Amino acid sequence: MTRPGLPKLIATDLDGTLVRSDDTVSAYTHGVLDRVRAAGIPVVGATGRGPRLTELTRNDIRAADFLVMAGGGRVVDQSDPSGPLVLRDERLPAEVLARLLADLEAAVGPLTVMVEASDEHDAPLWGDYHESWPYQDRFEARSRAECLSCDVIKAFARTADHHVDELLAVARRIVPPQVATLTQAGLGFIEICPPGVDKASGLTVVAQTLGVDPADVLVFGDMPNDLPMFEWAGWARVAVANAHPDVRAAADEVTLRNDDDGVAVYLDRLLSR
């Protein structure tokens, strides 16, 4: 339930939540987030995007004091006057991913697999080409052996025979949580992260740094990879109207769609009441 007063920390997902369908963030939204910071409330961008997309992420949420990226695997403090400070950097060992993929393929058949291995600016994903992947300009076809040649930030997998939610359910039955964290973010692929990595664990790093109790945190989201932070935050959990049904069900409130600046509208009303 929404608590009285104002939260002490606000975290929002980006794609599908803060960012509109045309990949832009409105001047209105930027202005409202600036008002949030001016009110003394730190802002966190909590996204599945990997560190290779840090500059894009900073542009989309310019008011952010912290970035929780790669679904929680990379946490960056942007408030340090000496420059951005990496507070967390988790990787999934290649040999663990290889065994996991073999077990999953034994159950569901051949997978289309991509990995996020590099944190260099605009580095491409590696792996199997699939026409449904929306970011073809940041993709490089590579063999499975090449993809498994190093530890990875995150892996993505899909099969032609399963809806992504169905594949996620099967994968969670096969892969123990102590081996990897599994989720999906609306891209048609399940996402395979290091164990213990999700947006809640990333936000925990931020909250501990600031001395903020999760009960005083307000979060916004739209997809299943936002559910851990919905379970973790206690001030309020707000879904945008275009959210996945599971996220809407977990929310305390539903705001307008991302294309209608739902996050900013909610925050504008919160600051004005």
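Strand 6 (residues 112-116) and strand 7 (residues 125-127) pair in the antiparallel sense over two bridges; two strands count as paired if DSSP finds at least two bridges between them. Helices (H or I, at least four residues) and strands (E, at least two) are DSSP runs, numbered from the N terminus. This is a predicted model, in which local features need pLDDT of at least 70 and side-chain atom pairs count only at pLDDT 80 or more, while totals for chains, interfaces and linings use all residues. Residues are numbered from 1 along each chain as its sequence is written, and side-chain values use heavy atoms, with hydrogens and water left out.

- Five of the five residues of strand 6 are buried, where buried means under 20% relative accessible area, exposed over 50%, and partly exposed in between (1.4 Å probe, protein chains only).
- Both faces of strand 6 are covered, with Thr 112, Met 114 and Glu 116 buried on one side and Val 113 and Val 115 buried on the other.

- Strand 3 (residues 66-69) and strand 4 run antiparallel and are joined by four bridges.
- Met 69 has Arg 74 of strand 4 as its bridge partner.
- The hairpin of strand 3 and strand 4 has four residues between the strands, and there Ala 70 takes a positive phi near 55°.
- Strand 4 also pairs with strand 5 (residues 85-89), in the antiparallel sense over four bridges.
- Arg 88 in strand 5 is the bridge partner of Val 75.
- Strand 4 (residues 74-77) is covered on both faces: Arg 74 and Val 76 are buried on one side, and Val 75 and Asp 77 are buried on the other.

**Positive phi in two loops**

- Asp 23 is not a glycine, yet its phi is positive, at about 70°.
- Asp 23 sits in the loop between strand 1 (9-12) and helix 1 (27-38).
- With a relative accessible area of 53%, Asp 23 is exposed.
- Asp 261, also a residue other than glycine, has a positive phi near 60°.
- The loop that holds Asp 261 runs between strand 14 (253-255) and helix 9 (262-272).
- Asp 261 has 13% relative accessibility and counts as buried.

**The largest pocket**

- Rolling a probe the size of a water molecule over the atoms shows where empty space is left.
- A pocket is found on a 1 Å grid over the protein atoms alone, as an open set of points where a 1.4 Å probe fits, with protein on both sides within 12 Å along at least five of seven lines; lining residues have an atom within 4 Å of a point.
- The largest pocket has a volume of about 700 Å³, the volume being the space filled by probe spheres set on the points, which are joined across faces, edges and corners.
- Its lining has 32 residues, and those nearest the centre are Asp 15, Gly 16, Tyr 135, Ala 185 and Leu 187.
- Helix 2 (54-60) and strand 9 (154-158) each supply at least two residues of this lining.
- By class, the lining of the largest pocket has 10 nonpolar, nine polar and 13 charged residues; Ala, Val, Leu, Ile, Met, Phe, Trp, Tyr, Cys and Pro count as nonpolar, Asp, Glu, Lys and Arg as charged, and the others, Gly among them, as polar.
- The largest pocket lies between domain 1 (9-89 + 197-272) and domain 2 (94-193), because both give residues to its lining; the domain bounds come from an automatic or database domain assignment.

**The second largest pocket**

- The second largest pocket has a volume of about 230 Å³.
- Of the 20 residues that line the second largest pocket, Arg 172, Leu 182, Thr 183, Pro 224 and Asn 225 are the closest to its centre.
- Helix 5 gives the most to this lining, with four residues.
- Domain 1 and domain 2 both give residues to the lining of the second largest pocket, so this pocket too lies between them.

**Cysteines**

- The structure holds zero disulfides, a disulfide being a pair of cysteine sulfur atoms within 2.5 Å.
- For Cys 147, the nearest cysteine sulfur is that of Cys 150, 8.5 Å away.
- Cys 147 is buried, at 2% relative accessibility.
- The sulfur of Cys 193 is too far for a bond, because the closest cysteine sulfur, in Cys 150, is 16 Å from it.
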